[in-house]
Amino acid sequence: VTGRHSFVCLCLDLTEHDLDRAIAEGFTHSELVKRYTGAFMGPCQGKSCMDGLLELLATKVGDSGAPARRPTMRPPAYPVTFAMAAALPGPEISDDDEEAAC
Amino acid sequence: MTDRADGIEFRFNGRSVTARPGQSVAAALHANGITALTVSSKYHRPRGIFCAAGRCPNCLLNVDGRPNVRTCTVEAERGMDVRSELGRMHAAGLRGIDLVGPLFPVGFQYRYFKRPEWAYRIWENRLRRTASHTSLPVPATAVPPARRLASELAVVGAGPAGMGAALAAADAGLRVVLVSRSASLGGAAQPLEGDSVLGRAAARLETAESVQILQAATVVAQFGTVLAVDGGREAMRIEVRESILASGAYERLLPFDGNDLPGVMLAGAARRLLAQQGTRPGRRVAIVTDNDSPYHLVAELLAAGIEVPVIVDLRAAAELEQAQATLDAGRPVRVEPAARAIRAGGWQRVRWLRARSATGHALKIECDAIVISGGWQPADELRRAATGYGAIVLESHGAEAIDWQSESAVTSVVLQGAGSVVGARSALEAFYQGQIAGLQAASRQGRDVGPALERARTELRRAVGS
């Protein structure tokens with residue numbers, strides 16, 4: 001079997017073989033590949049793998065344009081601890097706002 | 001390379017390790033021959049330093065009870081207690097890809113034991129336990145203090161582009177917050193030479209009154225004109241008028257069998273280990289690349305007494321002339337154009353590389369490290385993850401480059417791209433792009449930038465050689 005030890009994503013141990021399998025099962029769009037394989041969803045959030053993997057996907061699927069689009073992502077762009085997330089200050093609430101909320 | 005006399009002793013899985021002052025935990029372990037730092041999430045394969053820039057999953061260790069610390073960015077301290085997240089499995093060197101792989105193909109979690117539901121509950125728990133790499137922090141982490149900042153301009157990234165932007169904007173009279181992921185200025189260009197354009201810029205920035213430098217801090221999200229910053233010991237919220245994204249680029253990996261073995265690392269990582277950490281990536285370092293960047297590293301490797309047995313270049317011979325011209329003719333290195341890396345082998349560390357030359361000839365090269373480079377990916381995730389700024393950000397696929405001919409006009413004043421995030425190829429090109437971005441921001445906010453903008457444009461033209 002080719003590509004079984006050839007890693008395209010280090011966070012979730014995704015190999016080229018896995019990518020081939022996902023494509024064979026019909027997951028050819030970048031959004032679907034992300035959800036099915038977990039790529040870009042590990043600690044690096046795609047920082048080590050995204051463009052390389054998408055390029056590989058595009059060559060394997062054949063260039064129809066769509067697969068190479070980067071999937072959506074949400075903040076935080078870097079992993080943070082829960083403590084840090086809890087500490088991040090929100091907007092300052094003025095007295096007027098509070099009255100408006102009531 | 002370690003000097004016992006002023007060495008910093010810490011513990012790794014109960015064993016004593018000595019670091020040099022200023023060395024990161026991961027680099028110290030690597031220098032002490034501990035190249036397998038962690039095990040991978042699914043197959044528990046050994047993993048070692050890969051990016052040396054605090055973004056890949058390979059050096060996440062438990063430090064003094066804090067789980068999943070990016071140890072390549074944490075300086076070693078006396079008495080630190082560093083542990084593998086999966087202590088015992090790590091010691092056993094369990095490696096399940098050949099056994100487990102075929103049984104648990106990709107996407108298996110969506111298929112197996114989904115019905116009946118009670119079976120899934122058991123299965124899910126079991127999966128969690130096997131896949132989880134850590135335990136809750138001991139002692140429980142306190143919520144860090146928070147701080148609110150306001151500024152006219154935020155510059156994300158303190159590499160050449162970020163330094164140029166912050167300095168130029170401050171010179172033009174803006175109040176600037178400069179956020180640097182590392183503890184010192186310079187980004188990928190570190191260490192900076194004191195008497196160079198960048199070295200002088202760093203020295204001026206450090207004393208500039210209108211520039212606030214946040215060191216060892218990461219912008220984790222930007223919502224419109226608000227930046228959320230993880231400052232390590234404190235959380236920060238910065239409200240700005242404008243921001244410049246100078247976050248650089250990430251080097252890409254190359255796929256070949258065994259490309260995850262400890263000892264296989266990005267060219268940038270090898271350079272950072274050598275130049276910033278005083279740590280040799282290996283004694284015999286093979287190179288696999290599809291671009292020029294590792295060629296610039298060869299002289300540094302050779303100067304450090306490291307052998308470079310081969311450069312396996314995926315590009316055709318005709319494309320390599322410029323790259324090969326950068327090599328020192330006095331110390332020839334074997335270059336294999338149009339070659340392919342087939343497989344890297346070894347157990348806890350890479351021991352050999354098998355490649356196929358352009359003529360189909362099989363090569364087996366002994367080495368204890370492999371430097372790889374598969375090109376660059378812009379570090380524009382903040383831009384892609386930005387929300388709350390409407391369609392401009394959501395529809396764009398990356399950072400928007402500054403229009404360096406323009407006086408001030410842009411479509412968006414948040415996360416304007418400058419430097420290698422928008423394709424700058426050299427440190428000076430990035431620096432002057434940054435200057436222009438900074439001056440444009442100042443000009444938009446009503447400052448008189450005078451002849452500075454034209455000067456920066458001239459320098460930029462010179463830097464790109466046109």
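# A quick tour of two chains

A:Val61 sits in helix H3 (residues 50–61) of chain A; helices here are DSSP runs of H or I with at least four residues, strands are DSSP runs of E with at least two, and both are numbered from the N terminus. This is a predicted model, so keep the ground rules in mind: local features need pLDDT of at least 70, side-chain atom pairs count only at pLDDT 80 or more, and totals for chains, interfaces and linings use all residues. Residues are numbered from 1 along each chain as its sequence is written, chains are lettered from A and ligands numbered from 1 in the order in which they are written, and side-chain values use heavy atoms, with hydrogens and water left out.

**Chain A and its helix H3**

- Chain A has five helices and two strands, and from the N terminus on they run β-β-α-α-α-α-α.
- Of the 102 residues in chain A, 49% count as buried (buried is under 20% relative accessible area, exposed is over 50%, and partly exposed is in between, using a 1.4 Å probe and protein chains only).
- Back to A:Val61: at 29% relative accessibility, A:Val61 is partly exposed.
- A:Val61 and A:Asp20 are 41 residues apart along the chain, and their C-alpha atoms are separated by 9.4 Å.

**Salt bridges**

- Side chains of opposite charge can pair when their charged atoms come close.
- Across all chains, the structure holds 26 salt bridges (a side-chain nitrogen of Lys or Arg within 4 Å of a carboxyl oxygen of Asp or Glu).
- One of them joins A:Lys60 and A:Asp20, at 2.9 Å from N to O. A:Lys60 lies in helix H3 and A:Asp20 in helix H1 (residues 16–24) of chain A, so this pair ties together parts that are 40 residues apart in sequence.
- Both partners are partly exposed: A:Lys60 has 30% relative accessibility, and A:Asp20 has 31%.
- In chain B, B:Glu242 pairs with B:Arg444, with the closest N and O atoms 2.5 Å apart. Here B:Glu242 in strand E13 (residues 235–245) is linked to B:Arg444 in helix H12 (residues 427–444), 202 residues apart.
- B:Glu242 is buried at 5% relative accessible area, whereas B:Arg444 is partly exposed at 24%.
- Another chain B pair is B:Glu307 with B:Arg284, whose closest N and O atoms are 2.7 Å apart. B:Glu307 is in the loop between helix H8 (295–303) and strand E17 (311–313), while B:Arg284 is in the loop between helix H7 (267–277) and strand E16 (285–289), and the two are 23 residues apart.
- B:Glu307 is partly exposed at 44%, and so is B:Arg284 at 27%.
- Salt bridges that share partners also join A:Asp13, B:Arg45, B:Arg47 and B:Asp260 into one network.

- Most residues other than glycine have a negative phi, and most peptide bonds are trans.
- A:Asp13, from that network, has a positive phi of about 55° although it is not a glycine. A:Asp13 is in the loop between strand E1 (7–9) and strand E2 (14–15) of chain A, and it is buried at 1% relative accessibility.
- B:Asn13 has a positive phi too, near 50°. B:Asn13 lies in the loop between strand E1 (8–12) and strand E2 (15–19) of chain B, and is partly exposed at 35%.
- A:Pro75 and A:Pro76 are joined by a cis peptide bond, with omega about 0°; A:Pro76 is in the loop between H3 and helix H4 (82–87) of chain A.
- B:Gln190 and B:Pro191 are also joined by a cis peptide bond, with omega about -10°. B:Pro191 is in the loop between strand E9 (176–179) and helix H6 (197–207) of chain B.

**Cysteines without a bond**

- A search of the whole structure turns up zero disulfides over all chains (a disulfide is a pair of cysteine sulfur atoms within 2.5 Å).
- For B:Cys56, the closest cysteine sulfur is in B:Cys51, 3.6 Å away, which is too far for a bond. B:Cys56 is buried at 4% relative accessibility.
- For B:Cys367, the closest cysteine sulfur is in B:Cys56, and at 19 Å that is also too far for a bond. B:Cys367 is buried at 5%.
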